[in-house]
Amino acid sequence: MENRSLISISNLSKRFKVGNGEFLALKNINLSIAEGEFTGLVGPSGSGKTTLLNIIGSLDIPSDGTAEVLGKSISTLSHKQAAMLRNLNIGFIFQTYNLLPVYTVFENVEFALLLQKKTFAERKIAVMEALDWVGLTDKVKSKPSQLSGGECQRVAIARAMVKRPQIVLADEPSANLDAKNSHHIVQTMKRLNKELKTTFIFATHDEKVMQYLDRIISLKDGEIEKDEFVNHAKNE
Amino acid sequence: MVAFKLAFRNLFGAGLRTWLNVSVLSFAFVVIIFYNGYLDGWNKQAYIDTKDWEIGNGQLWHPTYDPYDHYSLQDAHAPVSGNIQKLISSDQLTPVLITQATIFPQGRMQNILLKGISPAQQIIKIPSKSLDTAGSIIPAVIGKRMAFAAKLKKGDNVLLRWRDKNGTFDAKEIQVVDVFSSNVSTIDNGNIWIPISQLQQMTGFENEATLFVVDKTYTAGNIDLWIYKDTHFLLKEIDDIIESKKAGSVLIYGLLLIIALLAIFDTQVLSIFRRQKEIGTYIALGMTRWKVIWIFTIEGSAHSILAILLGSLYGIPILGYLQIKGIPLPKTMDSYGITIGDRIFPSFSIGLILSTILLVVISATIVSYFPTRRISKLNPTDALKGKIS
Ligand SMILES: Nc1ncnc2c1ncn2[C@@H]1O[C@H](COP(=O)(O)OP(=O)(O)OP(=O)(O)O)[C@@H](O)[C@H]1O
Ligand SMILES: [Mg+2]
């Protein structure tokens, strides 16, 4: 394992207001994730996986403690700085794909780069390369409505990867897919993790995904119950 | 750029709803241009006609002359000075003497304004040349409205009664030698035009006038006791009428515009409500909330661009046709005493079109922006869940 720590979380808690009271969704989390990891947050529904992933992705902030991502403390970022961090360094993959329905496959992937003010020539090369990684170069002109669920998620992977972020956060990426497609997309991500050294962090309770993970962080009721590195020679 | 592309894609994607909004807005757009162009055309025409037929390039008034008070006419006259005589000789102005009189067509009695004008004048379009007759009977020209009201036609005689300067009544026959047709009713309704020299003789106001109509070449302003009234002053009544008509028409197209804007507002509220997940995705991809607000505002505002394009598509041929052919008016309009032709040729100026485009774009942008402000308070994690808050 590389030793450079991309993400370091210490004494992190997250409380949500619920009615008049509060709900403690994450309790005193301490965690460090290094460059190139292929890690999963696993645990039952409601254990806090999405909440933690959102904080790492600077979409939310800790109530207590600190979360440092790429050397930046999430709680201290302005809206604009957080947007910048996501735009340049973090890719998101969602359970429901979240593609823009009015855009073609090409445009959906290109979108992330448009925010970076890249020229069309630069964008085109990068988009085609990203679509090549996920095997969708023949669908550039299709609209999301014309694709299967698996293909949609591959477009979403290309969109997350096209800007070559250091970190990709994938929240239940396989939950809407059948077994074959689930394997396919996780294998794709694993390959990109190897080739591009991109750090992947999953939130999942899907066994099919877990078998590919190098590290499994088990959450239960907002606490880390187990954190183990897996040594597996299978599934390559 | 991203915003515009996305806006149009989303609008076209929304299909029927977009076209409904766009159609109503385009209709408001065309109607605004139509109404204002119609009134501007009317205004322009009324200006030209009134100048041609009544006021020339302005008038010189006797200090006591008040066109709204006929009793002022008793005193509102003075001799033509040598100064002015020179200007008359050089065709820079022409005198008009006005007095009250009565005619008795078919035994009825009708009060009129008797106006003396020089048969040789060419400053206004009244066919005064017809008054240049040699006969012993007093020649008169009247307008078609007057002719209709008094049941007079060319060649008819009618008894005229007037007072001279001492207040003594006198009566004589006059003969209608010409009936003219003019859009300007104020020189027509209740007006009888006779040679000024005859009127001066009849009243004993030798060589006197009530006012002078001046030509374009006249530049002197006030002269002797005569007060110069420029065209701006003399056309004010038309301005007032057009102004009040414009105010009235705002009600009509304002309502249309408001309906269109409400539809856009409603669409905006709905799409922000429905598309929370999309908003969350934009933020996750690295957009700031303001950028997202901008995207949604542009999307709503883009309705106005489509409306202007669609409006041009049917507006240009329709309004272009009306501009060439004119808009025929019902006969009844004439009796309002407003200067108006049988047809109005609307005037669609660049200024009118540009200001209407601006109005439509700006108002659509404002109503599009307001619903988007709640994006700034939206929590991206909630938005991504598509949570309805
Ligand atoms: N905005 C919120 N307001 C109140 N409570 C919240 C909020 N977001 C999450 N929670 C609560 O925090 C807990 C953790 O939620 P989280 O979404 O992180 O769970 P999860 O592990 O991702 O579950 P799942 O596997 O079902 O996606 C849950 O009990 C949830 O009800
Ligand atoms: Mg979750």
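Mentor: Let us begin with a term: two strands are said to pair if DSSP finds at least two bridges between them. Please keep in mind that this is a predicted model. Here, strand S3 (residues 93-104) of chain B and strand S4 (residues 110-117) of chain B run antiparallel and are joined by eight bridges, and within this pairing B:Ile98 has B:Lys115 as its bridge partner.

Trainee: How many residues lie between S3(B) and S4(B) in the hairpin?

Mentor: There are five residues between them, and in the turn B:Gln106 has a positive phi of about 45°.

Trainee: Which residue of S10(B) stands opposite B:Thr94?

Mentor: It is B:Val213, in a strand (residues 211-214) that pairs with S3(B) in the antiparallel sense over four bridges. S3(B) is also joined by four bridges to strand S6 (residues 157-163) of chain B, again antiparallel, and there B:Phe104 stands opposite B:Leu159.

Trainee: Why is S3(B) described as largely enclosed by the rest of the structure?

Mentor: Buried means under 20% relative accessible area, and ten of the twelve residues of S3(B) are buried, so the strand is largely enclosed.

Trainee: How should I read a pair of aromatic rings?

Mentor: Look at the angle between the planes, since over 60 degrees counts as edge-to-face. Over all chains the structure holds 16 aromatic pairs. The rings of B:Trp61 and B:Tyr65 have centres 4.9 Å apart and planes at 85°, so this pair is edge-to-face, and both residues are buried.

Definitions and conventions:
Residues numbered from 1 in each chain as written. Chains lettered and ligands numbered in written order. Predicted model: local features only at pLDDT ≥ 70, side-chain atom pairs only at ≥ 80, totals over all residues. Heavy atoms only, no water. Buried < 20%, exposed > 50% of the residue type's maximum accessible area, 1.4 Å probe, protein only. Helix = DSSP H or I, 4+ residues; strand = E, 2+ residues; numbered from the N terminus. Phe/Tyr/Trp six-rings, centres within 6.5 Å; stacked < 30°, edge-to-face > 60°.
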